[in-house]
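Trainee: Could you show me how to read a loop residue and a helix face? I'd like the general idea, then the case here.

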Amino acid sequence: MKQSTMLELGTPAPPFSLPDGTGRICKLEEFAAAPALLVAFICNHCPYVKHILDGFVSFAAEYQRKGIATVAISSNDVATHPADSPAEMARLAAARGFTFPYLYDESQRVAKTFRAVCTPEFYLFDRNRRLVYRGQFDGSRPNSKTPVTGADLRAAADALLAGHAPAAEQVPSAGCGIKWKRGNAPEWA
C-alpha cells in the first residue's frame, strides 16, 4: 500500500493534454469555466479503486451538477497491467456510466507533475486552479467495515462551494502504487 505525497496546498493545477480511451484529447483548459476541478488518479485493476468506484462515480455526477468538473487519469504501465489499457478504460467508463473524461497518461509525465503515487488519489482545485484539497475519498478501505461515503472529499468540496477553505488537516489517500514503466519511477514514489 502506498500513500499520497500530499502536494503542497496552493499549488497551481499542472497542465495536461491526454487522450481518453477513444483517443479524444482532453486538456486542462477545457475546464476553465468550472468553479472547481477535481482530478482523480485511478485505474481499472486496483482493489482500492474498485472499492470506492461506485461512490466516486456518484460523487462526480452529484458535484458536476453543483459546478465541480471532474477528470480521472490512469498512469499505469499497460505492458505490465493490460487491464488498465485505453480500450479497457473505455469499457469501464461506459459500463459504470462515467460522466467525466477518463484519460490515459502513457508517458506518466502528468502523474509526475502531480506527484501522484497511488490509486485512488484526489486533487481538488479552486476557481483559480489552486490546490485546496489532496487526500483520501474517505476512510473506507477494501475489506473494512467502514462504508464508502466520500466524507473527506465531500467536506472539502462543500466548503469550497460555500466559499470557505477546506480544512487544512487532510488525510493522505492510500492505495495501490502507480505501476511505473521500468526505469521511469520518480525517486519520491
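This is a predicted model: local features need pLDDT of at least 70, side-chain atom pairs count only at pLDDT 80 or more; totals for chains, interfaces and linings use all residues.

Trainee: Is asparagine 44 buried or exposed?

Mentor: Buried means under 20% relative accessible area, exposed over 50%, partly exposed in between (1.4 Å probe, protein chains only). Asparagine 44 comes out at 12%, so it's buried. Its place is the loop between strand 4 (36-41) and helix 1 (47-65); helices (H or I, at least four residues) and strands (E, at least two) are DSSP runs, numbered from the N terminus.

Trainee: Which residues is asparagine 44 in contact with?

Mentor: Contact means heavy atoms within 4.5 Å. Leaving aside neighbours within four places in sequence, the list for asparagine 44 includes Ala83, Met89, Leu92 and Tyr102. A polar atom of the asparagine 44 side chain also lies 3.0 Å from the backbone oxygen of alanine 83.

Trainee: And how do I read a helix face?

Mentor: An α-helix has 3.6 residues a turn, so residues three or four places apart point the same way. In helix 2 (residues 86-96), Met89, Leu92 and Ala93 are buried. Those buried residues fall within an arc of 100° seen down the axis, so they line one face; the arc is that of the directions from the helix axis to the C-beta atoms. The face turned away carries exposed Arg91, Ala94 and Ala95.

Key. Residues are numbered from 1 along each chain as its sequence is written. Side-chain values use heavy atoms; hydrogens and water are left out. A polar contact is a pair of N or O atoms within 3.5 Å; within protein, one must be able to donate a hydrogen and the other to accept it, and residues adjacent in sequence count only if both atoms are side-chain atoms.
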